[in-house]
Amino acid sequence: MAITKEAIKTFGLTEEQLLEMHYKMLLARAVSVRQRVLQRMGKGPMTFSGEGHEAVQVGTAFALRPGRDWVFAYYRDVAVALTVGMTPVEILRGFFARRDDISSGGRNMPSHFSHPDLRIVSGSAPIATQIPHAVGAALAAKLRKLDEISVAYFGDGATSTGDWHESMNFAGVHKLPMVFVCEFNGYAISVPWRKQAAIENVAVRAAGYGFPGVTLNGNDVLEVYGAMTEAVKRARSGEGPTLIEAKTYRLQPHSSDDDDRRYRTREEVEQWAQKDPIVVFAMSLHELGVLDDKSEQELNDRVNREVDEATDKVEQESTPEPESALRHVFVEGGASNG
Amino acid sequence: MAEKNMVEAIHDAMFEEMKRDDRIIVMGEDVGEGGVFRATDGFVAEFGEERCMDTPLAESCIVGAAIGASLNGIIPIAEIQFADFSHPAFDQLVSEAARLHYRSNGTWSCPIVVRTPYGSGIHGGPYHSQSIEAFYAHVPGLKVICVASPYDAKGLLKSAIRDPNPVVFLEHKKAYRAFRQEIPDGDYTIPIGQAETKREGSDISLITYGMMTHHSLKAAETLEQEDGTSVEVIDLRTVSPWDKERVLGSVKKTGKALIVYEDNITGGFGAEVAATIAQDAFDYLDGPVTRVASPDVPISPYSGILEEYILPNPEKIAEAIRKLAAY
Amino acid sequence: MVSVKEITGAEGLSRDQLLDLYYKMLLARTVGQRERMLNRMGKGPFAVTGEGHEALQVGTAYPLKPGHDWIVPYYRDIGVALTIGQTPLDLLLAHLSREGDISSGGRNMPSHFSDPRLHIVSGSAPVATHFPHAAGIALASKLRGLDELSVCYTGDGGTSTGDCHEAMNFAGVHKLPVIFVIENNQYAISVHVRKQFAVEDISIRAEGYGFPGVTVDGNDVLAVYAAMKEAVDRARRGDGATLIEGKTYRLVPHTSDDDDRRYRSREEVEEWTGKDPLVRYRNWLKENDVADEAKLDSLHEHAAREVDEATEQAEKAPTPKPESALDHVLIEERLAG
Ligand SMILES: Cc1ncc(C[n+]2csc(CCOP(=O)(O)OP(=O)(O)O)c2C)c(N)n1
Ligand SMILES: Cc1ncc(C[n+]2csc(CCOP(=O)(O)OP(=O)(O)O)c2C)c(N)n1
Ligand SMILES: [Mg+2]
Ligand SMILES: [Mg+2]
């Protein structure tokens, strides 16, 4: 979908919103880059990068109501977290495993986003286990007749798991208010999609669960936003789930422990770098006259400043008390449902 | 007061709780038509299909969706048809339910109950007989209850439903209809983590839980009559957290500990009890800390002949008591 | 050799084969009925049988090479086991858990078929855990360059499990010689298919794994046979997996512990009894002059006699030695009693 004025009008997006999307994408990129740099400097043992996925993540999260809709993110979703409302400070506290890390207080790996007020739900590391939780939250919304929806994010590798299948099936049977978002980057660590499944587009599977699936260009934030808006509308109006498969590419290795040169050619990576969703969107915004060189520079400066300040701040912050490792195994203080 | 069997008691516990709190739902396979053991008989008529929900045959998603629903204002009781079929949901229980609160530094919690019939002795073969308590008792963040009598089942299930933590609630299926017991009319609960001394005694402390409580009581009676040995029988009722104080107190009194469990002897929950007694009551012991349990073969073969050979029974327990009493 | 006129609609099967199909169906029905009767008489604590599924079971097993192809069945597959070569005696020894029970020596529940000589693979009770085994067996065939294929059976409920998905996906990726047969009898115990999945035909899912899926009338043995034949040919050619869904109905409760009146109307059961695959095939055989009434009756008698004899023999067979419960935890290891 070409980004034209008309197209934008159909989405009902204002110039401010377009700039906001762009800002979130830039911010996510900068936070990812910063974490990679800090990790190489030895300031944190590990990092996951979301670079390349910003259009899928911002495009989908932008269609949600922060703090009302439920977000079940996975480790690549830094831009989802930022779009829904987490701050670079909050993300970096996770990276540095600081005491005040809202996601986990230094218990989970970085990029395992959690924020109860924003309804970003804590996840684990086993792939796809968060998807049944998204189903459960949607089920609860339906039972309680709330107009909240829930969104499950996952990669292409996750679609091979039993939990993915069981969840898609359950959501289909109960016509749940939810959206399944597959961030299809063609790899599960080193395993290419052709070894993951014998089909081109995983979206075809949605038909087997009785709801629609769409495949789209995940590097086009507005195309993603358009499809997500549709899916959200369907979910909210009780028509049931949608599977969105957004084709994209991760521009960096899987994690700081990975060397992707073993399994991806530099040409392939270069090709996708040409389609960098942030560059593509910035160009469109220029063409539309929403962005010019000056405002782009200002935006970039703002993002860098924000990430610099967040880094400085968080680096100074306290680490967790060692004995806090013993806390929160069970709910404290004798709370009860009774 | 009315006499109830254990399935009825469990039925009543859920029924009353669902009446009290409309956030509570039941979900699982066949629960809509009452469940294969009839624990949700009449629930659809009373509460509707949404609060007594048949799920697809997918245990991981049953537990996973229960977790998700619990985050959003629902208190789910997930029924797994047989404990043996909870294994597909192991990941959801161990990686998710048990760790969610901890990994989020206490900011998320998941008040779910996973109810499931467990245990052997009913010709269930190797897949309708397993004891699974040791798997889950090993995992911090889960509470694990083992019941085998109507009164305990009702009181503990109510506590489990009201507990803000994930609870694995194991119901010994051989005990479902084997006993009837007077149940008070009003609401009552039994605290999770509290053992009960089902029989006072002075010579030997017998620590057990589940169906083995009944077998142990029988053996204790026999020993009293035939040998004059006085056996104190403690039913743990909850294996995680478990009532160390009561157990240690009793062992310090009698100086002898016999631990009886149905599970395989190696790594069964009784091994933890034995280790704790050995460590914390060493100075008081007058004999070896002894265990009676099933040998290390898959529990349990289908043939009644093979099954009986494997499982602990009152005779095997009595023999172990005699041996220990001789010290 | 006498040239045989091809019988229209017989899918290339000879008269003898057509009658053999019928006999296998009859035998399966008779064994199922016998096991339930023995259970009611208190002679076996549990029975799970397949009455109603015979066309689907015999029709899918018939194009296979017994002892060569691999069978990964589920508990309802009496008709599969018999078609591949287990005898009524084998099944009844398991039903009564006798020492000579080839399936498990009295360890597994009845109808958990296993027979290494026939490549029938022992299964457990958790639904669909055998799916990955079937995929793995087919993978081995492929890696070893053998032309053996593997067939995995389950019910409609089994399709909801994670294992089912993971195995089908795996089979698709590696183009494995495996056939997934779904015996869709519209219920998983009491749960109707409409609560199991939100699609009409589960075969549609095959597309999502990159291989064909077909839905057939599971009460039409020849239609089942034809669909299976095609899938078998495909698998042997190296073209990969197929999913076959047969729509059918179990004419009896789920197991001896189940009371299906709680969830199925008698009218519904009655309606499906009217579509009994045995009656239907019997009529076809008569209409197509494959056999007359007398011949078909003699087959019934033969089946009844075979099962009577097997019952008698099984009841006389010795029970397992109690200490044998300790055998076979690990290979060559015996635990101290
Ligand atoms: C159940 C499980 N198996 C294996 C892993 C190790 N692992 C971590 S990420 C990953 C690949 C996931 O790929 P995909 O779902 O495509 O997401 P992506 O990283 O490409 O965004 C694997 C295999 C895991 N975390 N969990
Ligand atoms: C993992 C697992 N969950 C639950 C059960 C209990 N159970 C046994 S058979 C069955 C229904 C299976 O239905 P379906 O797959 O349609 O086969 P059918 O019995 O109808 O032939 C259930 C729920 C089980 N055996 N395994
Ligand atoms: Mg990927
Ligand atoms: Mg079925």
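Predicted model: local features only at pLDDT ≥ 70, side-chain atom pairs only at ≥ 80, totals over all residues.
Of the 20 residues around ligand 2, the nearest are Glu59(B), Tyr74(C), Tyr75(C), Arg76(C) and Tyr187(C). The residues around ligand 2 come from chains B and C, so the site is shared between chains.

Now the polar contacts of ligand 2. An N or O atom in the side chain of Tyr74(C) is 2.6 Å from an oxygen atom of the ligand. Tyr75(C) has a polar side-chain atom 2.6 Å from an oxygen atom of ligand 2. For Asn185(C), a polar side-chain atom lies 2.8 Å from a ligand 2 oxygen. How much of the accessible area of ligand 2 does the protein cover? On its own ligand 2 has 580 Å², and the protein covers 96% of that. The shell around ligand 2 is made up of 10 nonpolar, 6 polar and 4 charged residues.

Next, ligand 1. Here 15 residues surround the ligand, and the closest are Tyr74(A), Tyr75(A), Arg76(A), Gly157(A) and Tyr187(A). A polar side-chain atom of Tyr75(A) sits 2.7 Å from an oxygen atom of ligand 1. Gly157(A) takes part through its backbone, where a polar atom is 2.8 Å from a ligand 1 oxygen. His254(A) has a polar side-chain atom 3.5 Å from an oxygen atom of ligand 1.

On to the chains, beginning with A and B. The contact draws 51 residues from chain A and 48 residues from chain B. Between them the two chains bury about 3800 Å², with 61% of it on carbon and sulfur atoms. How many salt bridges cross the interface of chain A and chain B? The rule finds 0. Polar contacts are another matter: 20 residue pairs are counted between chain A and chain B. On the side of chain A that touches chain B, strand 1 (70–72), helix 6 (130–143) and helix 7 (162–173) each supply at least two residues.

Then chains A and C. This contact takes 22 residues from chain A and 21 residues from chain C. The buried area is about 1600 Å², and carbon and sulfur atoms give 52% of it. Between chain A and chain C the salt bridge count is 0, while 13 residue pairs are in polar contact. Which elements of chain A give two or more residues to the side that touches chain C? They are helix 7 and helix 8 (193–196). Helix 7 of chain A gives the most to that side, with 7 residues. The side of chain A that touches chain C has 8 nonpolar, 10 polar and 4 charged residues.

Last, salt bridges. Over all chains, a search of the whole structure finds 79 of them. One of them is between the side chains of Arg93(A) and Glu317(A), at 2.7 Å from N to O. Arg93(A) is in helix 5 (residues 88–96) of chain A, and Glu317(A) is in the segment after helix 12 (293–316), so the pair ties together parts of chain A that are 224 residues apart in sequence.

Terms used. Residues numbered from 1 in each chain as written. Chains lettered and ligands numbered in written order. Heavy atoms only, no water. Near = heavy atom within 4 Å. Polar contact = N/O pair within 3.5 Å; in protein donor to acceptor, adjacent residues only side chain to side chain. Contact = heavy atoms within 4.5 Å. Buried area = accessible area lost by both parts, 1.4 Å probe. Salt bridge = Lys/Arg side-chain N within 4 Å of Asp/Glu carboxyl O. Helix = DSSP H or I, 4+ residues; strand = E, 2+ residues; numbered from the N terminus. Areas by Shrake-Rupley, 256 points an atom, 1.4 Å probe, with all protein chains shown as cover. Nonpolar A, V, L, I, M, F, W, Y, C, P; charged D, E, K, R; others polar.
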